[in-house]
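Here is a short briefing on a ligand site and the pockets of a protein, written for anyone who likes to think in contacts and volumes. Have the 3D view open as you read.

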Amino acid sequence: MTQHAHMPRDRRDLSPLQLLARLPRTHLAHTPTPLLPAPALAAHIGAQAGLFIKADAWTGFGLGGNKVRKLEHELSPERLDDVTHLVTAGGPQSNHCRVTAAAAAHLGLSCTLVINGRPPEPPTGNAALHRLLGAEVVSVADRSDRNGAMEERAESIAAGGGKALVVPLGASTPRGALGYAHAMAELHDQIVRAGENQLKDDPVLFVAASSGGTLAGLWLGAALLNWHPTIVAVSADDPASSIRGKALELAIGAIPLLPPAMVPDRATLQSAVQRAATEASVREDFVGDGYGLPTRESEDATSIFGRHGGIVLDPVYTSKAAAALLALLDGKRPAVFLHTGGHPALFR
Ligand SMILES: *Cc1c(COP(=O)(O)O)cnc(C)c1O
């Protein structure tokens, strides 16, 4: 295609993808991530209508995954004035803590990670990377102690003359969700371009979910695009109702952060988001015994995706989402698997 410099007269001439790409952010992710056809895997599992992998494991920065896109917005430049420290929280093998520590180092900031439970000794997987990336690790006994400990750390940083930016769990905030609204527009663009020969129907999109920011962004993106793929979100830990509630709150909370050109009418967009959420399915029946504990189905999925697709799944999130895909696939509509990353946990 010949590219003539066509200057839009008006922001209303820009597509949702172009408008979302223009939101202020700190560029970290390698995007667009590829949308890879997986023909051998599709044939093996009977996905006659096709199977595609949206490879967000390959966002690249800090070893990649979905947290990179969320942090680009959470750490947008205007929020970093005078900031000296990033403070965040997670479990001992947190992917989010890994990427936040990498972002802090990249930006020349200090980083404190509030980790519930003791990191393995010697540290492995993400715990080793938290250390390699130079983060200070503060251990607390329980998940419920994390927010208080983050606030305390921010206060002591302030008392020492610094300024902390506290990044909530998973960077799952309304701002962080914008990263996945953008990803949804990117995916839509890739599908429309592939569509002529490959993807004729709206796909079923499978994605792992926990703190809800990714799902929130997908819903917001679907609403902005007026696009209706079936979204199947697969919990890695929490009950479906709580993930659904959190994601809806985040998606609606993100609406005021959009440029006016994207929101001609706030009530209409809000009901489109609600509709996307209603049409989606949130599954809690692939968690098994709990967060990070493999199930028979997640181990089978890991083996099938690996041996028949060359796709490496992680044991905490994507293997459970892939187990859901294998169980729920109907073969009539194309499936898209959003690979959210998490590879370091294979080496925990
Ligand atoms: C954090 C994470 C998720 C869940 O994303 P949320 O936005 O917290 O719902 C899924 N997959 C991987 C690999 C993750 O690290």
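This is a predicted model: local features need pLDDT of at least 70, side-chain atom pairs count only at pLDDT 80 or more; totals for chains, interfaces and linings use all residues.

**Around the ligand**
- The ligand is surrounded by 16 residues, and the closest are Lys-67, Lys-70, Ser-211, Thr-214 and Thr-340.
- By class, this shell holds three nonpolar, 11 polar and two charged residues.
- An N or O atom in the side chain of Lys-67 is 2.8 Å from an oxygen atom of the ligand.
- Asn-95 places a polar side-chain atom 2.8 Å from a ligand oxygen, and for Asn-66 the distance from a polar side-chain atom to a ligand oxygen is 3.0 Å.

**The largest pocket**
- This pocket holds about 680 Å³ of space.
- Its lining has 38 residues, with Leu-169, Ser-210, Asp-237, Tyr-291 and Tyr-317 the closest to the centre.
- Elements giving two or more residues to this lining are H3, E3 (85–90), H4 (95–107), E7, H8 and H9 (240–254).
- The lining divides into 11 nonpolar, 19 polar and eight charged residues.

**The second largest pocket**
- Here the space is about 180 Å³.
- Residues lining this pocket include Pro-16, Leu-19, Met-262, Val-263 and Asp-265.
- Helices H1 (16–21), H8 and H10 (266–279) each give two or more residues to the lining.
- Nine nonpolar, two polar and one charged residue make up this lining.

Methods: Residues are numbered from 1 along each chain as its sequence is written. Side-chain values use heavy atoms; hydrogens and water are left out. A residue is near a molecule or strand if one of its heavy atoms lies within 4 Å of it. A polar contact is a pair of N or O atoms within 3.5 Å; within protein, one must be able to donate a hydrogen and the other to accept it, and residues adjacent in sequence count only if both atoms are side-chain atoms. Ala, Val, Leu, Ile, Met, Phe, Trp, Tyr, Cys and Pro count as nonpolar, Asp, Glu, Lys and Arg as charged, and the others, Gly among them, as polar. On a 1 Å grid over the protein atoms alone, a cavity is a set of points where a 1.4 Å probe fits but cannot get out, and a pocket is an open set with protein on both sides within 12 Å along at least five of seven lines; lining residues have an atom within 4 Å of a point. Grid points are joined across faces, edges and corners, and a volume is the space filled by probe spheres set on the points. Helices (H or I, at least four residues) and strands (E, at least two) are DSSP runs, numbered from the N terminus.
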